[in-house]
Amino acid sequence: MRIRRKLFFLTKTALVISVVITIFMLLWRNDSSIEMTQTGNVGALKYVFPSMLESSGISNLVSSGAQSCLSSVDKIIVTANYTLNDILDRVKLSLGIGYIKAVEDSARAQLTSVAKTEIPDSEPLEIIVLPHSHNDPGWKKTYQKYFDDQTTHILTNIVEKLHQYPDMTFIWVESCFLDKWWSNQTSEIKERFKELVKSGRLEITSGMWVAPDEASTHYFALIDQMIEGHYWVKKNLGVVPESSLNFDQFGYSATMPYLAKKAGLKNVLIKRIHRGLKDMFGLQHRLNFKWRQFWDSKGSQDIFAHIDTYEWMSISDSCGPDRAVCRGLDFMYMPDLPIPGSPQAEKPIITDHVSRQTAPNFHEYVRRLVEQFHLKTDNYKYKVMMLPHGGDFRFDTANEWDRQYKNLKIFMDYVNEKKKIFNVHMRFGTLKDFFEEVDRQTEKYSLKYPTVSGDFYTYTENIEYWTGYFTTRQFDKRLGREVQESLRAAELFSTIIFNDKNFKLLGANVKNKMLRSLEVARKDLGVFQHHDAITGTSQAHVVIDYEKLLSSAFTSLQTVISMATEFLLTGNMPEGKIVPTLKRTGYNNLTEREPIPVTLDGTKLVLMNSLTQRRKEIVSVTLKTSDVIITDMNEQEVVTDIIKTSKGDFVAKFEVDFPPVSLMTYKLKPKGKSQSSATQNVETNTIPNKNNQYFCENELMNVTFSSKTGSTESICYKSRNHCINVDVNWRYYRGSGGAYTMISQGSESSATTQNPKITFINGRKTCGIQVDMQYFSYEMTIPLINAVIGKALRIDILSDLSKWPMFNGDLALRVDTSIKSGNVYYVDSNSFQMMGRKFRTSLPFDGNVYPMSSMAMLEDELLRLIVHSAQPHGVVSSTSGTIDFMLDRIARRSEMDMPEGVYDNKPTKTIFFIEFEKNGEFDATETTETALPSVNSLYLNDIVQHPIYKMFSLDTISIPKTSLSFLKQPLSCDIILANVKNLVDEQSNSNGASLTFFRRAVGCSNDIKKNFCPLLEVNNFNPGMLLGTDSYTRDIHVAEMTLSHLFQKSTERTDDVILTPMDLKTFHLY
């Protein structure tokens, strides 16, 4: 575990004064032009939709009289004994001695009490000693450097020392290091290692690729690294993990235990939660519980959870509350113990290598430690104790193995011999042994455990809330999401061509090359999910290493996408004729769009949709010239806006209607002297209208921008005849935190530059403003299209805090509305489900910041705000109707024994989509614990997370006259392909494909028929026949697996797979 840092005094949180927001009234009109009048604190606003738009209808909506809300959970009924929101609502937090103390507020309703069942004294305390070593794939050293310096020696010593000491055990967590070590071992060493695993003395627990962060990660990446690790363990070691060990993550999501349950794991162990809550839980014997999902009222997906006491996973925090006493068990630093009964055992003995405290003799030394064991066990209902014995990169030398084993044996044997005195029995064991003993005592004494729903955010270390890392090193969080998006598309389209009969005949060498690229890329992306990687909490030189891994993965994945595209278009083996437009010129540079050259013969443009739904949107491609026209597959010219960029390039924008999982081709031709009415060069200007505003409108909505501030003033929707006062603006939070912590106490100010440079763009396909501030710039636009993206305001932000070297804190985007949300807001958990959050004045301001992966919401009875993001952020709503998104940060304080703060900022891109729904378009939430997005919101979020990929070719290739769609059966909009992976065996040869499907729960409403994406009444499908070309292999075997392929559930071929809401199912296609 980390070296304990100095305590910092916590400044009292400044009270936030709620701002009274005037309620606006909507006036409904029935005449030929609909006039919307809104009164509010910005004065009367009148916007008129032309009558021609009123009669145009909304042609892209799916409307079916028979359609009903088939996907929604009938009703969210929270059946858990308590939720984490309950706890935070009903406790008082105060400054304890070095940490934040929590006590139940007697003035409020009592939480569910959990009485401790009395176990008779005849039952001795069973102590399972778990030798372990926590190996971070990057923190102070790089992933490779840790492996070379320490991890390879730890794993080699496991083989040697567990054979030398036949009663010793060990547990291992991270599969990424096993994979790296395994490839360098002889067959003999591999067999000896497998022998230890199969004997049970060496347990692979968790077994995922890494111990992932659970705050900023997306469920695709969590599932992907879970499958990568579990599949490796099963195919190479022939075992499956049974429990999940999570010692070092900085808080825990509600999604991860559900994924563990679906994978087939039985138990989860967590440790780093709010210290004050943990102490309170221990006093009330609630450190064990059944973790329940909000939508699972019957508890069918409950998983048993164990919270380990105290703060750290090091030996000092493993045995009891007194670190000075517990350090007496760390024989890497302690003197060797005397032999009991010898004269030396009667002499004073050092009990702590740090303070040099002593005990009068060996027996007293043992007694003090056993006393700690009983104090720790008093927190639980049973008389079994887990004694973790290890820490960061421990057991990396033979000397440590020998000293730890020799002295632990002396200690354990003495305790066991004095059973009548201590009533304790100690033995080496594994996590499996611990949970089996818990199960034995639970059954024997009929122990009962409470059910709990919710997650464990935010985490505290000493007296500080760790909420800064939700935003730290935003450049890398965005880069990681770009690699994730690319990996999914590359895996999906590779799966399609690998099952093509013609490709199987010709493409063995190409397939192996593509498989290798996919395997390396997903392993590197998996490493980035590690809890010191995506969090941004590693040293600067380690961050560079992650950026290099991600940049290399991104480039290779773009190549795979292009190779798959070339085969699908031409039917021939790829020869590099298709070129991706996205490129990375350096690990620390932003991903750039390659300007496409336009040749005399015409440049072929290829577009890829990896989403399993149709989508209509405005596509942007960067060109070297404005002298261009764009034609579709039938040689028909398409309406195009050409906009000149600040770099001198040109961006072409045009509308595309994509089939699901498809390729579409266009041609770019020189315009020359031909007169084209379809292509228009858009001239930007800075001149506002007579009201000193900029105004944009499409068939669904309009937006008014201030020409003074560059912020929005209002958004109006035609279909619902309503307007919303909304101010999108910018804030600075000044703080004193580091990579982990925020420490702002809510001290914030406007980040808007006076008299910013504002440019107005008004074309036929896009409309909006470009604004340059001092340290960031942004575009706010709406696409002029009748589609789901046409109902949202898009914000593209380019920030560069490296230009402000003296700043310390966070740059934030604020969305200020008149929604009466009170202190409640909703933020997604790993993009999987929505979690109800509350701003509590009983917490420090920074303790109210929560992690967002891709979506956040505010709502009242009449209106809902939904904000979508293309990457993770920290989020807080400190005032009713207002929500802030942390964009990037400089955090100068060094923390967790690291020698530096975070000030290696780079230019960073951020993308948001902001939409509103009126009552009738969403389900008003009946609980503050969770909320259900509408179908349209989920669909829009899918589009944000799955971008269109653009490629081009300067070679002569045949272009299909129609779009190519590779989805053979329609999928309901609430079903998404949550993961796709091309599996490989021990020799890295193809072993089929893995497809994971996820059916989301959606909110029902009166307007369910007006969806941009259909919910199908019949939503069964055949995973083996779902994807393919016209010449795909039809003799595919399909086996249903548990989520991560640990167990096979069914081998029957089926064309009738049905998913219930919030269900996940994985299939092996081979």
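1. Ile-544 is partly exposed, with a relative accessible area of 30%; buried denotes under 20%, exposed over 50%, and partly exposed the range in between, with a 1.4 Å probe and protein chains only. Ile-544 lies in helix H17. Between Ile-544 and Asp-904 there are 9.9 Å in space, C-alpha to C-alpha, and 360 residues in sequence.

2. The model is predicted: local features need pLDDT of at least 70, side-chain atom pairs count only at pLDDT 80 or more, and totals for chains, interfaces and linings use all residues. Residues are numbered from 1 along each chain as its sequence is written, and side-chain values use heavy atoms, without hydrogens and water.

3. The largest nonpolar core has 253 residues, of which Phe-193, Tyr-365, Phe-373, Phe-411 and Trp-730 touch the most other members. Helix H17 (residues 540-570) is the main contributor to this core, with 13 residues. Such a core is a set of buried Ala, Val, Leu, Ile, Met, Phe, Trp, Tyr and Cys residues joined through side-chain atoms within 4.5 Å.

4. Leaving aside residues up to four places away in sequence, Tyr-365 touches several residues, including Phe-331, Met-334, Ile-349 and Phe-411; contact means heavy atoms within 4.5 Å.

5. The protein contains 18 helices and 54 strands, taken as DSSP runs (H or I, at least four residues; E, at least two) numbered from the N terminus.

6. Buried residues account for 65% of the 1070 residues. Of the contacts between residues at least 6 apart in sequence, 76% join residues at least 24 apart. The C-alpha trace spans about 105 × 70 × 55 Å along its principal axes.
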